[in-house]
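Please look at the structure before reading on.

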Amino acid sequence: MANKTIDHAITARSLTAAASDPTHAGILSFMRRKYTKQLKGVDTVVWGIPFDAATSNRPGARFGPQAIRRASAIFDNDPQYPFERDLFADMATIDYGDCLLDYGNHTKTPATIEREAARILKSGAYLLTLGGDHFVTYPVLKAHAALHGPLALVQFDAHQDTWPDERGRIDHGSFVGRAAREGLIDVERSIQIGIRTHAPEDCGIRIVYGYEVEEMRAEEIADTIVRHVGSPPAYLTFDIDCLDPAYAPGTGTPVAGGPSSAKILSVLRKLGALHIAGSDVVEVAPAYDHADMTAIAGSTIAMYMLGLRAEWLAERRG
């Protein structure tokens, strides 16, 4: 026990130090990263947005960031599979905590999220967001587009989220259509994977439907994504309902007929050729979960996003 520590999230002296907390104890930041609002010298920020007032079915995704952090305790700082590395040895990463929102005044929510996301991005850090319902991607996308210009959207989801709405509405089913109309995304390079519903319009976005995902190998799916998106900056958003309810029951709008977590994780592992400028995992609603299986899937997807970022940084730093 001489070299063991606990509560690494507050006791860590280095942003690249490994934690040694027991998986069943200690303060639950994401993967035991240091809790701090200080952005100096930070490569990557993990940030929660506990918001679910835009959901059209079962609420509860406001508890998603907590559940994902709790499930991430299983990652105990061994070299992370399948990346074969300590993700944080050369990637200074913090848990920035959550976005402070006024639960009684939702009209202020979009601007609050966008403003804080922009502050984080201004530091030069990569931003991984934990939702929250899928509306939160819209203001986060606005902050990224202000920095990079229109982004290719890589969306894993059971729903297109392109339903029409009026300006000012807060709806998790229409944010993609709004992002397309406002020029936040490059629709010709954007792609949606796992779609198992129909919306009135596709906004010109390439769709890989659920039945196609079922029939394709992971390598084929990844190759389709990489070829379609190309080299420009992309934003990777993962709605946990992309997965079949057998693997992710804890979500607001589950849709049967989806892929397994194993298959989609294999797809994510093969997206290293993309220039992923930002990412999120949304719609984890732990009240409907069983044995934390949805939270475990969500935390693993988030870990893969950090793994891809760690490899991207390592390649550019030589």
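Helix α3 is followed by Gly124, whose phi is positive, near 95°. This is a predicted model, in which local features need pLDDT of at least 70, side-chain atom pairs count only at pLDDT 80 or more, and totals for chains, interfaces and linings use all residues. Residues are numbered from 1 along each chain as its sequence is written, and side-chain values use heavy atoms, with hydrogens and water left out.

**Helix α3**

- Helices (H or I, at least four residues) and strands (E, at least two) are DSSP runs, numbered from the N terminus.
- Thr109, Pro110, Thr112, Ile113, Glu116, Ala117, Ile120 and Leu121 are the buried residues of α3, where buried means under 20% relative accessible area, exposed over 50%, and partly exposed in between (1.4 Å probe, protein chains only).
- Seen down the axis of α3, these buried residues fall within an arc of 165°, so they line one face of the helix; the arc is that of the directions from the helix axis to the C-beta atoms.
- Arg115 and Lys122 are exposed, on the face of α3 turned away from its buried side.
- The buried residues of α3 pack against β2 (44-49), β3 (93-98), β4 (126-131) and α4 (137-148), with contact meaning heavy atoms within 4.5 Å.

**Largest pocket**

- On a 1 Å grid over the protein atoms alone, a cavity is a set of points where a 1.4 Å probe fits but cannot get out, and a pocket is an open set with protein on both sides within 12 Å along at least five of seven lines; lining residues have an atom within 4 Å of a point.
- The volume of the largest pocket is about 280 Å³, a volume being the space filled by probe spheres set on the points, which are joined across faces, edges and corners.
- Tyr138, Lys142, Gly168, Arg178 and Glu182 are the closest to the pocket centre of the 17 lining residues.
- α3, α4 and α5 (175-181) each supply at least two residues of this lining.

**Cavities**

- There are 2 cavities of 30 Å³ or more.
- The largest cavity, of about 70 Å³, is lined by residues including Tyr126, Leu271, Met305 and Trp312.
- Helix α9 (residues 293-317) gives the largest share of that lining, 4 residues.
- The second largest cavity has a volume of about 40 Å³, and Met31, Phe75 and Asp86 are among the residues that line the second largest cavity.
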